[in-house]
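Subject: Structure handover

Hello,

Here is the structure I said I would pass on. My notes on it follow below.

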Amino acid sequence: MPFVINQRTNTRRMGNFIKKLGLLIVAVVLILQFIPVDRTNPEIDKTKDFLTNVNASPEISNIIKTSCYDCHSNHTVWPWYSFVAPVSWVVADHVEHGRKELNFSEWTDFEFKRKDHKLEECVEAIEEGWMPDGNYVKMHEEANLTSEQRELLIAFFKDARSNLE
């Protein structure tokens with residue numbers, strides 16, 4: 001009989017421990033929501049934008065806006081989960097890094113050499129399949145490129161590169 005009492009006591013203790021641990025986790029997650037994250041979109045000057053300055057068809061423009069602009073421009077649409085820590089930190093960091101690497105909203109600010117290099121990297125990223133980013137595509141199915149769209153973008157970026165001024 002003492003074994004049964006000990007087992008019940010241990011089960012109750014374990015249940016209390018799990019409840020307290022759950023409450024602690026919820027409290028920590030709630031506190032994390034108060035850590036600020038920069039989700040601003042800098043002011044947009046359309047005259048500097050890549051798509052304003054290249055001869056892109058509506059189809060190409062749509063593909064680039066859908067698959068690239070959230071991370072590589074000042075036109076970021078911040079989804080609901082970008083307001084929930086700790087995911088918000090990852091999303092904000094990803095956008096900051098993407099804009100730093102290539103910000104289509106600031107295209108005319110780039111020197112010729114940088115434009116040429118960035119267009120070369122666009123071709124490489126699409127050919128090798130590491131853009132659009134796999135994690136982004138998981139959350140934004142519309143950004144997933146078909147083989148045909150990949151070929152269109154590759155041809156477009158190569159053409160844009162050969163027409164650089």
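Is valine 29 buried, partly exposed or exposed? The model is a predicted one, and in it valine 29 has a relative accessibility of 36%. Buried means under 20% and exposed means over 50%, so valine 29 counts as partly exposed.

Valine 29 belongs to helix 1, which covers residues 2–32. Val29 is also part of a nonpolar surface patch, together with Met14, Phe17, Ile18, Leu21, Leu24, Ile25 and Val28. The accessible area of these residues together is about 740 Å². On helices in general, an α-helix has 3.6 residues a turn, so residues three or four places apart point the same way.

The chain as a whole

- Eight helices and zero strands make up the secondary structure; read from the N terminus, the order is α-α-α-α-α-α-α-α.
- The radius of gyration is 24 Å, whereas a compact globule of 165 residues would have one near 15 Å.
- The C-alpha trace spans about 90 × 35 × 25 Å along its principal axes.
- Of the 165 residues, 33% are buried.
- The chain exposes about 11,300 Å², and 58% of that comes from carbon and sulfur atoms.
- Among contacts with a separation of 6 or more, 71% are between residues 24 or more positions apart.

Helix 3

Helix 3 runs over residues 58–67. Its buried residues are Ile60, Ser61, Ile63, Ile64 and Ser67. Viewed down the axis of helix 3, these buried residues fall within an arc of 165°, so they line one face of the helix. The cover over them includes helix 2 (50–53), helix 4 (69–72), helix 7 (134–139) and helix 8 (147–162).

Which residues does serine 67 touch, leaving aside its neighbours within four places in sequence? The contacts of serine 67 are Pro132, Tyr136, Ala143 and Leu145. Serine 67 lies in helix 3. With a relative accessible area of 8%, serine 67 is under the 20% cut-off, and therefore serine 67 counts as buried.

Regards

Notes. Residues are numbered from 1 along each chain as its sequence is written. This is a predicted model: local features need pLDDT of at least 70, side-chain atom pairs count only at pLDDT 80 or more; totals for chains, interfaces and linings use all residues. Side-chain values use heavy atoms; hydrogens and water are left out. Patches are made of residues with over 30% relative accessible area and no salt bridge: like charges are joined within 9 Å, nonpolar side chains (Val, Leu, Ile, Met, Phe, Trp, Tyr) within 5 Å. Accessible areas come from the Shrake-Rupley method with a 1.4 Å probe; for residues, only the protein chains shown count as cover. A salt bridge is a side-chain nitrogen of Lys or Arg within 4 Å of a carboxyl oxygen of Asp or Glu. Helices (H or I, at least four residues) and strands (E, at least two) are DSSP runs, numbered from the N terminus. Buried means under 20% relative accessible area, exposed over 50%, partly exposed in between (1.4 Å probe, protein chains only). Contact means heavy atoms within 4.5 Å. The radius of gyration is taken over C-alpha atoms; the globule rule is 2.2 Å times the number of residues to the power 0.38. The arc is that of the directions from the helix axis to the C-beta atoms.
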